[in-house]
Structure formats: C-alpha cells, structure tokens
Amino acid sequence: MRLSRYFLPVLKETPAEAQIVSHRYMLRAGMIKQASAGIYSWLPLGYKVLRRIEQIVHEEQVRAGHIPMLMPTLQSADLWKESGRYDAYGPEMLRIRDRHDRDMLYGPTNEELITDIFRSHVTSYKDLPLTLYHIQWKFRDEIRPRFGVMRGREFLMKDGYNFDLTKEDALHAYNRHLVSYLRTYERMGLQAIPMRADSGPIGGDDTHEFLVLAETGESEVFYDSEITDLKFGDRTIDYDSHDQCRAVLEEFTSRYARTDETHDEAVWADVPEERRRVARGIEVGQIFYFGTKYSEAMGAVVDDGQGGRVPVHMGSHGIGVSRLVGAIIEASHDENGIIWPEGVTPYQVGIVNLKQGDAGCDAACEDLYKAVTAKGLEPLYDDRSERAGAKFATMDLIGLPWRITVGPRGLKSGMVELTSRRTGESEEMTPEAAIARLAGIYAPHYPQIAG
Ligand SMILES: Nc1ncnc2c1ncn2[C@@H]1O[C@H](COP(=O)(O)OP(=O)(O)O)[C@@H](O)[C@H]1O
Ligand SMILES: [Mg+2]
C-alpha cells in the first residue's frame, strides 16, 4: 500500500473524549470512528488489525478441532423465552419488534440459537463430541459504554459451544479451550492469565477469565507473581489427549490468580507475601462449563447408546475479538504511539522515502516495495511529499514494528536503514539484507513468507 493512495485519517490533536491510551491512539491513528455511543466504524487500518486478530482466532480454534460456522445477529425472542433468559437478561438486551409485531432481539450471545441448531440435527451420542463456534457481532446495551472498543455496545466476539455426552468429556472440551486460548493470545504478543472467575448470568460451576495486566483494566486482580513466568511457547499438543490438556490447565491454574469477584482472603493468605500481586486487568476471554442447564431447558438430548436419552453437557467459550485491538495497544505502546506485536501488525514494514521526487530515492523505494512484496510481506510506503519528521511521526503513531528509511546519503553507498519501533535502534544495511532480516523475523508468524 502507498500512503498517498490510502485512507489514513490521522488526527493531530488528542481527542478530548478518550480517557485511555488505546482509545486515544485508535482515534489518532485513524483506526476507528465513533458512529454512536459504543458503536464504531472500523476504518481501513483498524479493520486490518481486526481481521488479523480474527484470523489468528480462527486458526487456533480450527487447530483445536473446533468447527467454524456463522449465526445471525438478529434472533427471534421465542428461543429466549424457552430458556427463560428473555426475562432474566434485563435492559442490556436490545429488543426489537419487526413489522409483523414479532419480538426479536440483537443477540448478546448465542447459547439458545446454537442449542436449537443442535437439537434439530443431533440425536445420537455417535455424533459427539462436537464443538461449533462463530465470530459474529454482538450487541449489549451497556449502561456506560466507554474506553472505545474496550467496552462497546456493538462488539465482535468469538463464541464457541461444546456438546458432550458426559461431564468428563465436557471438561476436556473446557481444557482444550484453555489451551487454545493460551496459544491464541501468545500469538498476538499478549500474556493473558487465566483467573478463577464468577459465572454471572450464564450460570455454571467452572469458569476462568483470561486477563491481560494493564493499569486501565476494569477488573481488580490478585495473583501469585510466579504465574507471569509461565509461557505456552511453541510446544506441540495433542488436542485429543485428555491428559495433555488437563496437564496444561493444571500448570496454568494451580497458582493463585483471581478477580475481585472470587478473591478469597483466606486462600490468599497462603501465598507467600513477597509473591502477592494486586493489579488491574482487561478481560479478553472467558471459558465456561455449565453442564445441562440449556440442554435440559431446551430439550437437547441424545440417545446414550444404552437405551437411554440424556441431556448433553455443554460449555461456552468467548474471546473479545474487537476488545483485543484495544487490549494489545494498552499492553504495547509508548509516548509516540502504538507498537504492534509482529503477529498482528497491519503492515509488516513501513518504507519512508526521505526525499520524495529524487529520482534515485524514488527508484530505490519502488525496488524495495517490489522486493518486500515478493517475499510475502506487506509494506506501507510513505510516498507523500512530506518532511522526514512528519513521516517518522506518522510511522511511530501507527506502530509498524519495522521501518526501512531510504535517503540520498545512504544510497550513495547502496545502504538503507532498518529501524525497530520497539527499541528505536537503527542499523545500516543493504536493501537485500534488510529484507532477509525481516523475512527471518516474520517467518514464525506468516507461513506465506518466501524462503
Ligand atoms: N461490551 C463489550 N465490549 C467489548 N468486548 C466485550 C464486551 N463485553 C464482553 N466483551 C468481550 O467478550 C468476551 C466474552 O464475553 P462474556 O464473558 O460473555 O462477557 P462479560 O464477561 O462482559 O459478561 C469477554 O471476555 C470480553 O473480552
Ligand atoms: Mg466474561
């Protein structure tokens, strides 16, 4: 992409309504525009990051054996009356009436719809286990939408639902989700800590929330400092193995880590004092096991192979896809702007031409652009006739992790400059060397990169 042809409405001024850094930078970097309270348009740069996050979520869900599909945003109220949640949900649910006077709603979540799909088509234990998921917009009429995409009214969520014959199988599905979530967040450059949480309106016994530590987080969290040393890393796991998935759950949840809702002073007192941490966190996901709550209410039963018919054991598992864009910025920025982790960056490298219009610089940038693209990387080339300072400021604000600067002085000896956004360090090298370096850095994140 060439900046002269792109749509990147960067703001000079800091918008007054934005209270936290991710909201400020998303507005300033031209990533989003508020359409109405808690509802946003995703402008091209923001949309690109959102899509990238969505893609990582899909890849990790499919890797875990979960099956993608898509359910609608608008739902009939009938199913919610059946489950009893039409009355229970309260004013957060946006209720709509269609022209035939039918009660509809904009889905805040999808347990009812998916349970209806399941009961219509699955009748035998032989079709289990089954986990279906989708990534779809949700609407919750939050009383106080704030912090931009972090607490919106309309937001994008991945929600997955497991159906199993036994509690044991359903707990395996729970553990599988935990493992896949750890992988998902790490690929986005995030550490998200599973914490024991409260089950709230969905109901159920077992639930963990995944929290990214950040001062602006809405939840107060209490944890044993040893937990931040844990990394999932690039270990391979057999998602069908109950033992392997359970071992990961035990590893990541055996130390104290709870939100204020489940915090327990008596248990907390057992954590050695020097390891006790009280902080704030952003909830980026949650997993639930809730047993037969919906399957009983809605008649989702299967033949158990022994002549009986039993309600299936279920769980639901969410990732806040649009919230993650803000959470990543909260976790990774400095005073000049965003610093995207390599896994989610909208463009992998920015090319800055210090002397636009100079035949040598223009030609070198064009060659570089082609060579970077041929490697399978996406460059954003600042080809505008702006001062160098303004170009650097834009690149710093939008946060591409790597920048190649091309200027007349370096070109005399065939050199360009490769700069890390994170450290600010620059190195002179040939364009070929810069591209090879980038290919090495990005290869673990993007399989399409040419060797
Ligand atoms: N209002 C919102 N705006 C943006 N993301 C949200 C919002 N509400 C929930 N999410 C995201 O969706 C994920 C799954 O939703 P869920 O756990 O059902 O939400 P909650 O904990 O708010 O009831 C949450 O972990 C969070 O990351
Ligand atoms: Mg939650």
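Which residues of helix 1 are buried? They are Val21, Ser22, His23, Arg24, Tyr25, Met26, Leu27 and Arg28. A residue is buried if 20 or more other C-beta atoms lie within 10 Å of its own, exposed if 12 or fewer, and partly exposed in between, with C-beta atoms placed from the backbone.

## Model and numbering

This is a predicted model, in which local features need pLDDT of at least 70 and side-chain atom pairs count only at pLDDT 80 or more, while totals for chains, interfaces and linings use all residues. Residues are numbered from 1 along each chain as its sequence is written, and chains are lettered from A and ligands numbered from 1 in the order in which they are written.

## Overall fold

The chain has 14 helices and 23 strands. Helices (H or I, at least four residues) and strands (E, at least two) are DSSP runs, numbered from the N terminus. Of the 451 residues, 41% count as buried.

Along the principal axes, the C-alpha atoms fill a box of roughly 80 × 55 × 45 Å. Among contacts between residues at least 6 apart in sequence, 73% join residues at least 24 apart. A contact requires C-beta atoms, placed from the backbone, to lie within 7 Å.

## Helix 1

Helix 1 spans residues 21-28 and is mostly covered, with eight of its eight residues buried. The cover includes strand 1 (32-36), helix 2 (44-63), helix 10 (321-331), strand 17 (333-334), strand 18 (337-338) and helix 12 (388-398). Gly30, which follows helix 1, has a positive phi near 65°.

Of the 16 residues around ligand 1, Phe155, Gln286, Gly318, Gly320 and Arg323 come nearest; a residue is near if its C-beta atom, placed from the backbone, lies within 6 Å. Two or more shell residues each come from strand 8 (154-164), strand 13 (276-291), strand 16 (313-320) and helix 10. Strand 13 gives the largest share, four residues.

The shell divides into three nonpolar, eight polar and five charged residues. Ala, Val, Leu, Ile, Met, Phe, Trp, Tyr, Cys and Pro count as nonpolar, Asp, Glu, Lys and Arg as charged, and the others, Gly among them, as polar.

## A hairpin

Strand 5 (residues 94-97) pairs with strand 6 (residues 103-106) in the antiparallel sense over four bridges; pairing requires that DSSP finds at least two bridges. Arg97 has Asp103 in strand 6 as its bridge partner. The two strands form a hairpin with five residues between them, and Asp101 in the turn has a positive phi of about 70°.

Technical notes
Contact = placed C-beta atoms within 7 Å.
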